[in-house]
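Hi,

Here is the structure I promised to pass on. Have a look at it first, and my notes follow below.

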Amino acid sequence: WKTLLSNVKGVYCITDRATGKLYIGSASGDDEGIWQRWSNYADVNNLTGGNKIFEELKNNYGSDYIINNFTYSILEIFDMKTSREYILSRERYWKRVFKSVKFGMNDNY
């Protein structure tokens, strides 16, 4: 999986199965694609990828909450040459589609 996910950029969804809330994010950097971004979430010493809402959940319910309830899905994949601006525009599109700012775990468009 590492090789495959390192060679694509993309827009992804993290679902909290306990609440049904969604988080829409993207991997738009030029270094190791989706793998690099998801590695931040998979780090057992962190599990939040720097997301403030995930940090609150971890602080309130512990690391096991994230481990047991979060699932990760890819919504769109892009070639590594795809511009950051385009990927961020697609991320905003999916946030609107799923209303993840109003009803989910995103705090910005």
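How many aromatic pairs does the count come to? By the rule that rings of Phe, Tyr and Trp (its six-membered ring) pair if their centres lie within 6.5 Å, the count comes to 12. Planes under 30 degrees apart are called stacked, over 60 edge-to-face, and the rest tilted.

Before the details: this is a predicted model, where local features need pLDDT of at least 70, side-chain atom pairs count only at pLDDT 80 or more, and totals for chains, interfaces and linings use all residues. Residues are numbered from 1 along each chain as its sequence is written, and side-chain values use heavy atoms, with hydrogens and water left out.

Back to the rings. Tyr23 and Phe54 have ring centres 5.2 Å apart and planes at 65°, so they make an edge-to-face pair. Tyr23 is in strand β2 and Phe54 in helix α3 (residues 52-61), 31 residues apart, so distant parts of the chain are linked (helices, H or I with at least four residues, and strands, E with at least two, are DSSP runs numbered from the N terminus). Both residues are buried, meaning under 20% relative accessible area; exposed is over 50% and partly exposed in between, with a 1.4 Å probe and protein chains only. Tyr23 and Phe54 also belong to one aromatic cluster, whose members include Tyr12, Trp38 and Phe70.

Next, the charges. There are four salt bridges, each a side-chain nitrogen of Lys or Arg within 4 Å of a carboxyl oxygen of Asp or Glu. One of them joins Lys9 and Asp30, with the closest N and O atoms 2.8 Å apart. Lys9 is in strand β1 and Asp30 in the loop between β2 and α2 (33-42), so this bridge ties together parts 21 residues apart in sequence. Lys9 is buried at 1% relative accessibility, whereas Asp30 is exposed at 66%. Another bridge pairs Lys52 with Asp107 (3.5 Å, N to O).

Finally, helix α5 (residues 84-98), which has 15 residues. Its buried residues are Ile87, Arg90, Glu91, Trp94 and Lys95. The buried residues of α5 pack against β1 (9-16), β2 (22-27) and β3 (70-78), contact meaning heavy atoms within 4.5 Å. Glu91 and Lys95 also form a salt bridge (3.1 Å, N to O).

Cheers

Notes: Expected span 1.5 Å × (residues − 1).
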